[in-house]
Amino acid sequence: MKALSILKYQWKDLFRGKWIIGYGLIYLLMADAMIRFGGTGSKALLSIANIMLLLIPLVGMIYGALYLYQSREFTELLLAQPLDRKTLFWGLFGGLAAPLALAFTLGVGLPMTYFGLFVSTSIRSIILILVLGNLLTVLFTGLGFWLGLRFFEDRIKGLGFALVGWLFLAVIYDGLVLLAIFLLGDYPIEEPMLAMAMLNPIDLARITVLLEFDIQALMGYTGAVFNRFFGSMMGISVAAGCLMIWLGVPLWRSMRLFNKKDF
Amino acid sequence: MRANKKILGLITLFVMLWQTGLARQVTVSPNGPIDSIKQGIIETNPGDTLLIKEGTYREYDIRVDKPMTIIGEGKVVIDGERQGFVIVITADNVTLKNVTVKHASTSFMEDYAGILIKETDNTVIENTTLVDNFFGIYLAQSSNALIKNNHITASGERETKSGNGIHLWYSKDVTIQDNYVKGHRDGLYFEFVEGASISGNLSEENIRYGIHFMYSDNCRYEENTFRNNGGGVAVMYTENVKILNNRFEDNWGASAYGMLLKEINRSRIEGNLFINNSVGLYIESTNNNEFTSNTFKQNGWGIELMANSTDNLFTNNNFLDNAFEVSTNSRQSFNEFNHNYWSQYEGYDLDRDGTGDVPHHPVRLFSILVEKQPQSLLLLRSLLIDILDAAEKIMPVLTPETLVDSEPQMTKIP
């Protein structure tokens, strides 16, 4: 209950800061433009998914760290109250992740509703995008939180790591995968490649999007490994499991840091 | 003498008229005096009509060796019980209507068919239903046949144990119209056919190709639908084909193509819709063709154009939401792309004449990477790939410079 009241306070604070409104507006404008100019087909959904894969990790990580730094005095004030640290942590985290997720959901969901996408495209694709977006928001806010707590005294370092971390996961990691493919392409590397993709949450989300929207192209690949993996329940459950690990581990680590921290 | 000749002519005419007027009708029915179709055929004279009453006839190798019309009344089922051919037509001017033909036998040595038409002229097969035959309708060395409104299904699982739905070999001027074929090896199969017209057919869920078309010059196929076949459609080694207004859809797989063209020359491919295929159109060693007004929508690859194809013209086509619009295997391309609409086009139109001011390069760098290392397909829609594509677009190093649409359209071509 106490966690909830902290969450509520943060909620108000965030909205007073207007920043979160701007974040939601970005999604609203982009989704609106995509659907308006791309038509109400799956093309628009795909473009929205692309933006989501780009923006959510970046904003989640940086803002996750930044918010901890910004609300340092507030945190210290609350620590003086008779609250246990666990409650405080979940209050702070939920107070950031929930508004971010809501901003995304509303920003993307509103244009979909008023353009009637729920009628013209498959509900499954829409739900997939909304669920994936919310999951990524929570996941990367958690990562940002962890970085923020890890480098609590050194803000530049914390933010730097958040930025570089995003760059690594979004671009450099895929570059390494591509390099591996071209160096070792003559060997049967499909399985290691799948394992590599599982290690990166952005890739995981991207492949899930591919499975929904680009299955024709994926089926054009000659190897049976991908087809078997993607087509099976096993593939989907392994992917979901990996996302859960990515969700759980940073949060668990940052809670431990938060518990032990001498503010 | 002249009068005599006239009289003689008149008599001949009368005799002919009399004969036609005399064309009898023989009736076969399960409990009538003639209860087998074979018996019925023996009883008929050339030009007669054989009427088959409702019922099931367990017969095979029924030889139709004189001109006649065979019509089923009600639900007529001819069951070959897997003993060989069911109906074999060897005479000219035979018409077969309204019957169901079942269970021709399966063999690795002989091409058993539900209806075999061999060395005939003017055969008409209309409104028949073929169920679970090895081959469905098999035409060999025949001309002027009409195959219309037939419903041909089989439940083949393996290529070797299944024959083709409608199989044409060395035939001429055949019309194949409004048929439905499902579950055979190839839905329609053409080899050494000249001047056939294939229209309004639906061929789906066949094990290999929806239509398999080889060495068949001067043919024309239009308004057919080929859906969800193992390998899509293959058109090979042919000149002067007209492929108009067909639909190729839902062909998925590593070697599944909406349509595969191999060694096709001087042909027209116009107004077709390629939707939801792994590869919409695969083109190899194909020269001097015109591809106009086609729509490529939501395919993995819109067109895969192999470098050994030259002098093809692609104009007024729509490329909508394909993962790859065009891919190729060389930096050289001697084909012309002009005046198409590309949904991936990112240029602008300052003078507002409907044509983009910057040329469009439909071959992405990534499609070349995938061509070289297919595994990299897993990186589709990665930010890294988008960055690489953008860099390549500004300064092309690996993508073919000549494969370019210099007049990309700003709006979809109707």
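Modeller: In chain B, 46% of the contacts with a separation of 6 or more are made by residues 24 or more positions apart; two residues are in contact if their C-beta atoms, placed from the backbone, lie within 7 Å. This is a predicted model, in which local features need pLDDT of at least 70 and side-chain atom pairs count only at pLDDT 80 or more, while totals for chains, interfaces and linings use all residues. Residues are numbered from 1 along each chain as its sequence is written, with chains lettered from A and ligands numbered from 1 in the order in which they are written.

Chain B has 39 strands and four helices (DSSP runs numbered from the N terminus: E of at least two residues for strands, H or I of at least four for helices). Taken along the principal axes, its C-alpha atoms fill a box of roughly 85 × 60 × 35 Å. Of its 414 residues, 44% count as buried (20 or more other C-beta atoms within 10 Å of a residue's own; exposed is 12 or fewer, and partly exposed is in between).

Most residues other than glycine have a negative phi. B:Asp61 is not a glycine, yet its phi is positive, at about 50 degrees. B:Asp61 sits in the loop between strand S3 (55-57) and strand S4 (62-64) of chain B. With 14 other C-beta atoms within 10 Å, B:Asp61 is partly exposed.

B:Asp173 also has a positive phi, near 50 degrees. B:Asp173 belongs to the loop between strand S16 (166-169) and strand S17 (175-177) of chain B. It has 16 other C-beta atoms within 10 Å, so B:Asp173 is partly exposed.

The loop between S16 and S17 of chain B also holds B:Lys172. B:Lys172 counts as partly exposed because it has 17 C-beta neighbours inside 10 Å. Apart from its neighbours within four places in sequence, B:Lys172 is in contact with B:Ser143, B:Glu194 and B:Gly195. From C-alpha to C-alpha, B:Lys172 and B:Val193 are 5.6 Å apart in space, although 21 residues separate them in sequence.

Now for the partner. Chain B gives 26 residues to the contact and chain A gives 28 residues. On the side of chain A that touches chain B, the elements giving two or more residues are helix H3 (42-70), helix H8 (155-184), helix H9 (190-198), helix H10 (201-213) and helix H11 (215-219) of chain A. H8(A) gives the most, eight residues. By class, that side of chain A has 16 nonpolar, seven polar and five charged residues (nonpolar: Ala, Val, Leu, Ile, Met, Phe, Trp, Tyr, Cys and Pro; charged: Asp, Glu, Lys and Arg; polar: the others, Gly among them).

One of these helices can be followed inward. In H10(A), eleven of the 13 residues are buried, so this helix is largely enclosed by the rest of the structure. The buried residues include A:Pro201 at one end of the list and A:Phe213 at the other, with A:Asp203 and A:Arg206 also among them. They pack against H3, helix H7 (123-150), H8, H9, H11 and helix H13 (233-260) of chain A.
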